[in-house]
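Let's walk through this chain together, from its outline down to a few single residues. Please keep the viewer open as you read.

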Amino acid sequence: MYNLILNSLSLPSRIPLLDGPTPLQRSRLAWGDDTLYWKRDDLTPLGLGGNKLRKLEFLVADALKEKADHIITCGAPQSNHARLTAVVSAMFSLSCSIVIPGETPSQWSGNLLLDRLAGADIIPCGDESLEQEMQRVASEIKSQGRKPYIIPLGGSNVLGSLGYFLAFFELLKQAEEQGWVPSTLVCSVGSAGTFAGLVAANALLPQPLRLLGVNVAEATDRLQLQTTRLADELLNLLHTPRSLPPFTLSTDFVGPGYGQPSPASSSVLIECFQRDGILFDPVYTAKGVAAVKNLMEHKDRPFPENIVFWHTGGGPAIFDPHYYTGLLNNIR
Ligand SMILES: Cc1ncc(COP(=O)(O)O)c(C=O)c1O
């Protein structure tokens, strides 16, 4: 059935950046009678992995189609999206600027180090907004007779989301081959492109799965709108308009705020590393796993379920002292 759906779609151009499906592994953790699986997009094969490679397959293909020679994007200093954009730009001989908030970083650690190793310029935007600064850099590049291409925050536009629309069917096929059916799918939500792709794909199933997005920033109303807008736009792009099945966005695991670890995220990060040998990052995926743990421990359904957490990567951020110092204090 999945092949039938996929073969009927006409997709925009795409550069292949993954070698095939990422692993789908059963967890050893028991937080109740459900079975937990990890979809390992932290193991996508380039630049230390993560969800953004699936988005960049379409975004960089579009940039190349537009004959761009310079990529501009933005994000927090420890942005995983910025790291992978820098890496893929370099692979295709595109120069790359990354706009970050505030001033020049005092330390080049974690993802920032990798951005620089990939040859990207880091441009602090000071008092400007990230968006304004990206436009300023684009004008400067144009004035040199070159062609810039702006990739929005998190790679979260309709082309980026398409990567996760397709990934949803990759997961269903893999589970089918392994002989089980997922019932609940959970992922962390930042700029919403990943979640919107999954929500759009879920709309094509006769029996949609339960989808839970775990908000890692504050403004849930904005994320709800952004998810719905992107998912609708995606289904229209693919000429398969549908009404979207319900989905849940939880704000309960944001903790002290965007980019700040919470006690629950730090403790679950250590638990998963010790029990399953899997590293989550302290401010995106560990918050999502904290939500999964809560869901499994406070279960309101009488039957065991197959729950999938989509591991969207982010490990390199842990090598920023801002994060590892706090974690060291949590180890018992
Ligand atoms: C490791 C990780 N997981 C999840 C997300 C959230 O993905 P999205 O921005 O598509 O909502 C991000 C966002 O940057 C991330 O870096």
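Does Leu48 count as buried or exposed? Leu48 counts as exposed, because its relative accessibility is 59% (buried means under 20% relative accessible area, exposed over 50%, partly exposed in between, with a 1.4 Å probe and protein chains only).

## Ground rules

This is a predicted model, so local features need pLDDT of at least 70 and side-chain atom pairs count only at pLDDT 80 or more, while totals for chains, interfaces and linings use all residues. Residues are numbered from 1 along each chain as its sequence is written, and side-chain values use heavy atoms, with hydrogens and water left out.

## Overall build

The chain has eleven helices and ten strands; these are DSSP runs numbered from the N terminus, with helices (H or I) of at least four residues and strands (E) of at least two. Its C-alpha atoms fill a box of roughly 65 × 55 × 35 Å along the principal axes.

Of the 332 residues, 58% are buried. Among contacts in the chain with a separation of 6 or more, 78% are between residues 24 or more positions apart; contact here means heavy atoms within 4.5 Å.

## Two domains

The domain assignment gives domain 1 (2–50 + 156–330) and domain 2 (52–155), with bounds that come from an automatic or database domain assignment. Their centres, taken over C-alpha atoms, are separated by 24 Å. Across the boundary, 39 residues of domain 1 are in contact with 32 residues of domain 2.

## The nonpolar cores

The largest nonpolar core has 58 residues, and Phe165, Phe168, Phe169 and Leu185 have the most contacts inside it. A nonpolar core is a set of buried Ala, Val, Leu, Ile, Met, Phe, Trp, Tyr and Cys residues joined through side-chain atoms within 4.5 Å. Among the elements that each supply at least two residues of this core are helix H1 (2–7), helix H6 (158–178), strand S7 (184–189) and strand S10 (306–311). H6 gives the most, with twelve residues. Both domains take part: the core draws at least three residues from each of domain 1 and domain 2.

Which residues does Phe165 touch, leaving aside its neighbours within four places in sequence? Phe165 is in contact with Leu9, Gly197, Ala200, Ala201, Leu204, Leu234, Leu235 and Leu238. There is also a second, separate core of 25 residues, including Cys272, Ala291, Val292 and Ile318.

## The four-stranded sheet

An open sheet of four strands runs in the order S5-S4-S3-S6, with parallel pairing; two strands pair if DSSP finds at least two bridges between them. Strand S5 (121–124) and strand S6 (148–150) are the edges, each pairing on one side only. From one strand to the next, the twist averages 25°. Within the sheet, five bridges join the parallel strands S3 (residues 70–74) and S4 (residues 95–100), and Cys74 stands opposite Val99 in S4.

Helix H3 packs on the sheet, where it touches S3 and S4, and its direction makes about 175° with that of S3. Helix H5 (residues 130–143) lies across S3, S4, S5 and S6 and runs at about 170° to S3. Axes are lines fitted to C-alpha atoms, for helices over the stretch in contact, and angles run from 0 to 180 degrees between N-to-C directions.

S10 is mostly covered, with six of its six residues buried. Asn306, Val308 and Trp310 lie on one side, and Ile307, Phe309 and His311 on the other.

Strand S2 (residues 35–40) pairs with S10 in the parallel sense over six bridges, and Arg40 stands opposite His311. S7 also pairs with S10 in the parallel sense, over three bridges; there, Phe309 is the bridge partner of Val186.

## Two loop residues with positive phi

Back to Leu48: this residue lies in the loop between S2 and H2, and its phi is near 70°, a positive value in a residue other than glycine. His239 also has a positive phi, near 55°, and its place is in the loop between H8 and strand S9 (248–250). His239 counts as exposed because its relative accessibility is 67%.
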